[in-house]
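The following paragraphs lead the reader through a protein model, from its overall make-up to individual residues. Please keep the structure in view while reading.

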Amino acid sequence: MGMPQTKTRLLQPATMAVAPVPSTVVAASDPTQQDSLFGDLAQPKPSLSQLQTKETMEDIWRDIGDCKRCGLCEGRTQVVNTYGNHKARLMFVGEAPGADEDAQGKPFVGRAGQLLTKIIEAIGFKREEVLIGNVNRCRPPGNRQPTLEEAAICRPFLFREIAAVQPDVIVVMGNTALRNLLEVREGITRVRGQFQDFRGIKVMPTFHPAYLLRDPSKKRETWEDLKKVRDYLDTTPPTRLDS
Ligand code: SF4
């Protein structure tokens, strides 16, 4: 393997900062959140270089604090922030915390999380070597899917974390993660297994581990998707100089 690539993404001029998220609850009737099927995904997206800031994960979490920016704050026990290696090459993104995650304050620690750990280990990583997060950080009531509005309010924190960590590959698990990172209308079944782009970062869509628990026959396709991720990471030098 040759010299690591320079941080080309970081060397491009930063022309747009990440917009701060207001600290108050946004009204459910806010029309700006309901203009399109995917909320603000219809807006032009800044590249990762444009998102580049000097903030750390801790800075972002400090900003999140005891967040009450959307209605999901009302039923949660605690905010569940992204967890793992802050210099990870590989990141996994799911939908939102469930009961176990809400109780423990960490993402993917229930049954689906145990399966995710096996998936991570199957491609040669330890769980603590990767980064694991969700689109929303508070448990939706009854484990329902977050609304478009709730996802649109919370996901800027995820985008800021991605800009801070700069992983080489993001695995989006399930439709909520897929549609909040990528401008696609197709479902996960149509796009899984095909590398996509999120502001210069490779994105691999695949099934959510909770879905695999309900339909174990999909594990084979998930394994095929994750092998592509492993092969990409094995054959591509790290973008981060300190990975
Ligand atoms: S889901 Fe996100 S935006 Fe909503 S209250 Fe929790 S941390 Fe804040």
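A residue is counted as buried if 20 or more other C-beta atoms lie within 10 Å of its own. By that criterion, 39% of the 243 residues of the protein chain are buried. The model is a predicted one, and its mean pLDDT is 84, with 77% of the residues reaching 70 or more. Over residues 1–44, however, the pLDDT is below 50, although this stretch has 61 contacts in the model beyond near neighbours in sequence. Where pLDDT is low, the predicted coordinates should not be read in detail.

The protein chain contains 10 helices and six strands. Among its contacts with a separation of 6 or more, 77% join residues 24 or more positions apart.

Strands of a sheet pair through backbone hydrogen bonds, either parallel or antiparallel. Both senses can be followed here. Strand β2 pairs with β4 in the parallel sense over four bridges, and M91 stands opposite I170 in β4. With strand β3 (residues 131–134), β2 likewise pairs in the parallel sense over four bridges, F92 having I132 in β3 as its bridge partner. The antiparallel sense is found between β5 and strand β6 (residues 201–206), which pair over three bridges; there, Q196 has V203 in β6 as its bridge partner.

Which residues lie on each face of β2, and are they buried or exposed? In a regular strand the side chains alternate between the two faces of the sheet. On one side of β2 are L90, F92 and G94, on the other are M91 and V93, and all of these are buried. Five of the five residues of this strand (residues 90–94) are therefore buried, and β2 is mostly covered.

In soluble globular proteins, nonpolar side chains tend to be buried together. The largest nonpolar core of this model has 52 residues, and those with the most contacts inside it are M91, V93, I170 and V172. Helix α6 supplies the largest share of this core, 11 residues. Leaving out residues up to four places away in sequence, I170 touches M91, V93, I162, L181, F198, I201 and V203.

V169 counts as buried because it has 21 C-beta neighbours inside 10 Å. Beyond neighbours within four places in sequence, V169 is in contact with R89, L90, K202, M204, V229, Y232 and L233. The C-alpha atoms of V169 and F195 are 9.3 Å apart, while the two residues are 26 residues apart in sequence.

Helix α6 can now be examined on its own terms. At 1.5 Å a residue, its 18 residues (148–165) should span 26 Å, and the end C-alpha atoms are 25 Å apart, which agrees. Because 15 of the 18 residues of α6 are buried, the helix is largely enclosed by the rest of the structure.

The backbone also deserves attention at several points. Most residues other than glycine have a negative phi, and most peptide bonds are trans. Just after α6, Q166 takes a positive phi of about 55°. F108, which is not a glycine, also has a positive phi of about 55°; this residue is found in the loop between α4 (99–104) and α5 (111–122). With 28 C-beta neighbours inside 10 Å, F108 counts as buried. R199, another residue other than glycine, has a positive phi near 55° and is placed in the loop between β5 and β6. With 17 other C-beta atoms within 10 Å, R199 is partly exposed.

Conventions. Residues numbered from 1 in each chain as written. Predicted model: local features only at pLDDT ≥ 70, side-chain atom pairs only at ≥ 80, totals over all residues. Buried ≥ 20, exposed ≤ 12 C-beta atoms within 10 Å, placed from the backbone. Contact = placed C-beta atoms within 7 Å. Helix = DSSP H or I, 4+ residues; strand = E, 2+ residues; numbered from the N terminus. Expected span 1.5 Å × (residues − 1). Core = buried A, V, L, I, M, F, W, Y, C linked by C-beta atoms within 7 Å. Pairing = 2+ DSSP bridges. pLDDT = per-residue confidence, 0-100.
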